[in-house]
Amino acid sequence: MIRPATIHDVPRISEIINSHAELGRMLFKSYAQLYEDLRDFAVYDLDGRVVGCVAVAIIWSDLTEVRSLAVDDNYRGRGIGKALVNWCVEECRRMGIRRLMSLTYEQTFFEKLGFEVVGKESLPLKVWSDCVRCPKRDGCDEIAMVRTLHEIPIPEGPAAPPTPRGVSIPVLEYVEE
Ligand SMILES: CC(C)(COP(=O)(O)OP(=O)(O)OC[C@H]1O[C@@H](n2cnc3c(N)ncnc32)[C@H](O)[C@@H]1OP(=O)(O)O)[C@@H](O)C(=O)NCCC(=O)NCCS
């Protein structure tokens, strides 16, 4: 069962995320960050035990980010990761948000869920705000992937400020104007 996370899930969410973070598979999350972002989180609850988690963060009116996707190593390969990403997709549909993105090493996994590889510079500037906390910010090797929910209309309102060309952002390669 997938359900919104509660404050009581935080120790277990921390344990799962940070077991992967220690192996360099994803970003470490502190308790302070997990408390602050708790409303974004859902957990996969298997008979009372949390075995996976995911967060969906709103970047702009037409873009969310799938964050902190992690499945307990003992439960990988059972469709739990897929179910958690599908929960994010349903959240986007509910909110009327057209695109989901992920920065990931798991290209094949996300391709199977309808995501496509895009150039990092095609994502808005706001996406890179978290990178200051990332130990790999000076040599980011994550792959940017996006899934578009074509049935959802393009929203009115201003477009997100783009990632400026020719400006040094550590996570991106230098892009000529
Ligand atoms: C990536 C991760 C979330 C996948 O979760 P999971 O529960 O093991 O994946 P699922 O069982 O739902 O797999 C769904 C599909 O993707 C495939 N898949 C899963 N991991 C894969 C991998 N590393 N490489 C290739 N295919 C993979 C599965 O074979 C399955 O394919 P199918 O639908 O054709 O049967 C999990 O391995 C994990 O927590 N990894 C460490 C943290 C991480 O990298 N998180 C992603 C941060 S963006």
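Visitor: What should I know before I start?

Guide: Residues are numbered from 1 along each chain as its sequence is written, and side-chain values use heavy atoms, with hydrogens and water left out. The model is predicted: local features need pLDDT of at least 70, side-chain atom pairs count only at pLDDT 80 or more, and totals for chains, interfaces and linings use all residues.

Visitor: In what order do the strands of the open sheet lie?

Guide: Strands (E, at least two residues) and helices (H or I, at least four) are DSSP runs numbered from the N terminus, and two strands pair if DSSP finds at least two bridges between them. Here the 7 strands follow the order 1-2-3-4-5-7-6, with mixed pairing. Strand 1 (2-4) and strand 6 are the edges, each pairing on one side only.

Visitor: Which strands does strand 7 pair with?

Guide: Strand 7 (residues 143-148) runs antiparallel to strand 5 (residues 99-104), joined by 6 bridges. Threonine 104 faces isoleucine 143 there, and methionine 101 faces valine 146. Strand 6 (residues 116-117) also pairs with strand 7 in the antiparallel sense, over 2 bridges; glutamate 116 has valine 146 as its bridge partner.

Visitor: How many residues surround the ligand?

Guide: A residue counts as near if one of its heavy atoms lies within 4 Å of the molecule. The ligand has 21 around it, the closest being Arg76, Gly77, Gly79, Gly81 and Glu106. Helix 4 (107-112) supplies at least two, as do strand 4 (63-71), helix 3 (80-95) and strand 5; the largest share, 4 residues, comes from helix 4.

Visitor: Which residues place a polar atom by an oxygen atom of the ligand?

Guide: A polar contact is a pair of N or O atoms within 3.5 Å. Among them, a backbone N or O atom of glycine 77 lies 2.8 Å from a ligand oxygen, and one of arginine 78 lies 3.2 Å from a ligand oxygen. Lysine 112 brings a polar side-chain atom to 2.9 Å from a ligand oxygen. By Shrake-Rupley with a 1.4 Å probe, the protein covers 73% of the 920 Å² of accessible area that the ligand has on its own.

Definitions and conventions: A polar contact is a pair of N or O atoms within 3.5 Å; within protein, one must be able to donate a hydrogen and the other to accept it, and residues adjacent in sequence count only if both atoms are side-chain atoms.
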